[in-house]
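User: I am new to this structure and would like to know what the terms used for it rest on. Please show it, then set each value against its definition.

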Amino acid sequence: MIEIREEEERVILVGITAPGGDGAYLEELSELVKTAGAVTVGTLIQNREAPHPGTYLGMGKIQELKALAAERGATGIVCDDELSPAQLRNLEQQLEMKVMDRTLVILDIFAARAATREGKIQVELAQLKYRAARLVGLRDSLSRLGGGIGTRGPGEKKLEMDRRLIHSRISVLKAELSDVKRHREVARKQRERNHKPVAAIVGYTNAGKSTLLNTLTGAGVLSEDKLFATLDPTTREYALPGGETILLTDTVGFIRKLPHHLVEAFKSTLEEARYADLILHVVDVSNPDMDMQMYTVYETLKSLEITGKTVITLFNKADKLEELPVLRDFQADSTLLISAKTGMGLEDLGEALAGFLRERRIYVEKLYPYREAGRVQMIRSFGQLLTEEYREEGIFVTGYVPAELLGRL
C-alpha cells in the first residue's frame, strides 16, 4: 500500500528590528506559520533602521541566511514584513528557494478558513489584489506545482492568468461583494426597525471572542486555540438578566500588520462594528504582549473610522493566571475581568449590558386605554416592561423604552 502525504514545509523566520530590539515579535509569526501548516526550523534577525529596498536584508545577512537554511534543511523563508515585488524576486534569486512574506501567510490562513460565500469572495479578492501587484516578480514561478503556503484559495489556475484577466476577475468579485453587502445592509436596517441593540465583539485574534459568543448564546461557532479560527461574522441574541435581549456580533480578529488587502476586502464585515451600539473589546490577559494587542485593536478601529462608541473591555482568560497583572484600559468606558471558558465574571457582564441599555432608554409611566393595548406589547417587545397593572380605565404600565420609540407611544 502506497501512503501519500503532503510534504511538511520547513521554514526560517526572518525579521528586521531597530538597533537594540530583541525580535520577540517573531513568536507571533511562528504561530501564523504553524497555523498555516508549516514548521519553524530557525529564525534570523537583522538590526537595521529599515529594510533594504532591493533585498529586504543586507548582503551579509543573506549569505548567513543561505547557510542557515542549508544547515537546517529549510524549504522556504518567511519574512515578517510585506515584500515588494523587487525584494521578493531578488531574495528568491539570491537564496534559490521559496520566499514568502507575512501577508502571504495570513492570506493563506484566511483561504483555508473561509467557509461562507462572502468569506470566500473576500479572501479571493484580497489574494488577487496581492498577486496582481506581484505578477512581474512571480513570472518565473507561475507554472510551479506543489502544495504549501500560498497555494490555497484561488489556486494555481489563477496564478497563470495575466494581469488583464486578474483585474477582470477582481471586478467580478467586487460586484459580487457589493451584492452581499446590500443583503447585509438590509438585515441591519431590519434590526434597526426592530429597535434591537447590537454589541460588536472585537479583539486581537485568539483573544477568545468566539468562545465568549458560544458561552453566552450557545452559537456553536468554531472555537480553537489558533489564530483566525473563525472568519465569518456570527450574530446571536443574548437574553439579559432583566428579560431584555441584545444582539451580539462576532467579528474577524485583528492582528499586528494586518494586510491592507484584507482590511479592504473585509471592510463590509468589519463595518458591523461601525453600526453597533456598543463595542465589547476582548483582551487575552494571559498574553505577555497584551498592551501591544490592545493598541493594535484601537488603531485598526480608528483606521476603519469606528470611533465615539461606548467600549467595555473584557480582560479574558483570567483562569490561566495565578497572579493577575495590573489591568487598565484608559480608552474604555469600563472594564471587567472574565473567563469565557469557565463563566467567571459573565454575570457582571450581563448586568453591565443591562445598565448600558437602561442609560439609552427613557423611563415611562402611563395609563393606556384597553383599545391601545398594542402599545403595551410594543414596550414589552422593544423595551423593558417593569410593571403592568390592569385598572378599570385601562392598563397602567411603567418601564423603559428606546428614545426613538417614544413618539409612537
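**Terms and the values behind them**

Analyst: R102 is found in helix α4, which spans residues 102–113. Helices here are DSSP runs of H or I with at least four residues, strands are runs of E with at least two, and both are numbered from the N terminus. The model is predicted, so local features need pLDDT of at least 70 and side-chain atom pairs count only at pLDDT 80 or more, while totals for chains, interfaces and linings use all residues. Residues are numbered from 1 along each chain as its sequence is written, and side-chain values use heavy atoms, with hydrogens and water left out.

User: Why is R102 called buried?

Analyst: Buried means a relative accessible area under 20%, exposed means over 50%, and partly exposed lies in between, with a 1.4 Å probe and protein chains only. R102 has 1% relative accessibility, so it counts as buried.

User: What makes the pairing of R102 and E28 a polar contact?

Analyst: A polar contact is a pair of N or O atoms within 3.5 Å; within protein, one must be able to donate a hydrogen and the other to accept it, and residues adjacent in sequence count only if both atoms are side-chain atoms. The side chains of R102 and E28 are joined at 2.6 Å, and those of R102 and D80 at 2.9 Å. Both distances are within the cut-off, and both pairs are polar contacts.

User: Which residues does R102 touch?

Analyst: Contact means heavy atoms within 4.5 Å. Not counting residues up to four places away in sequence, R102 touches E28, L29, L32, C79, D80, D81, I255, R256 and K257.

User: Where is T313, and why is it called buried?

Analyst: T313 is in strand β9, residues 310–316. Its relative accessible area is 0%, so the residue is buried. The side chain of T313 also makes a polar contact with the side chain of D329, at 2.5 Å. Leaving aside neighbours within four places in sequence, D329 is among the contacts of T313, together with H281, V283, Y298, A332, S334, T335 and L336.

User: What is said of V311?

Analyst: V311 is also placed in strand β9. V311 counts as buried because its relative accessibility is 8%. V311 touches I279, H281, Y298, Q331, A332, D333 and S334, again without residues up to four places away in sequence. L278 is 33 residues from V311 along the chain, yet their C-alpha atoms are separated by 6.2 Å.

User: Is V326 buried or exposed, and how do you know?

Analyst: V326 counts as exposed because its relative accessibility is 62%. V326 lies in the loop between β9 and β10.

User: What is the phi of Y56, and where does Y56 lie?

Analyst: Y56 has a positive phi of about 70° although it is not a glycine. It lies in the loop between β2 (38–47) and α2 (59–72). At 1% relative accessibility, Y56 is called buried.

User: Why is G58 called buried?

Analyst: G58 has 10% relative accessibility, so it counts as buried. G58 lies in the loop between β2 and α2 and is in contact with Q46 and R48, leaving aside neighbours within four places in sequence.

User: How many cavities are there, and what makes a space a cavity?

Analyst: On a 1 Å grid over the protein atoms alone, a cavity is a set of points where a 1.4 Å probe fits but cannot get out, and lining residues have an atom within 4 Å of a point. By this rule there are three cavities of 30 Å³ or more. F110, V252, G253, L258, L262, V263, F266 and L270 line the second largest cavity.

Notes
1 Å grid on protein atoms, 1.4 Å probe; cavity = no way out; pocket = protein on both sides within 12 Å on 5 of 7 lines; lining within 4 Å. Points joined across faces, edges and corners; volume = space filled by probe spheres on them.
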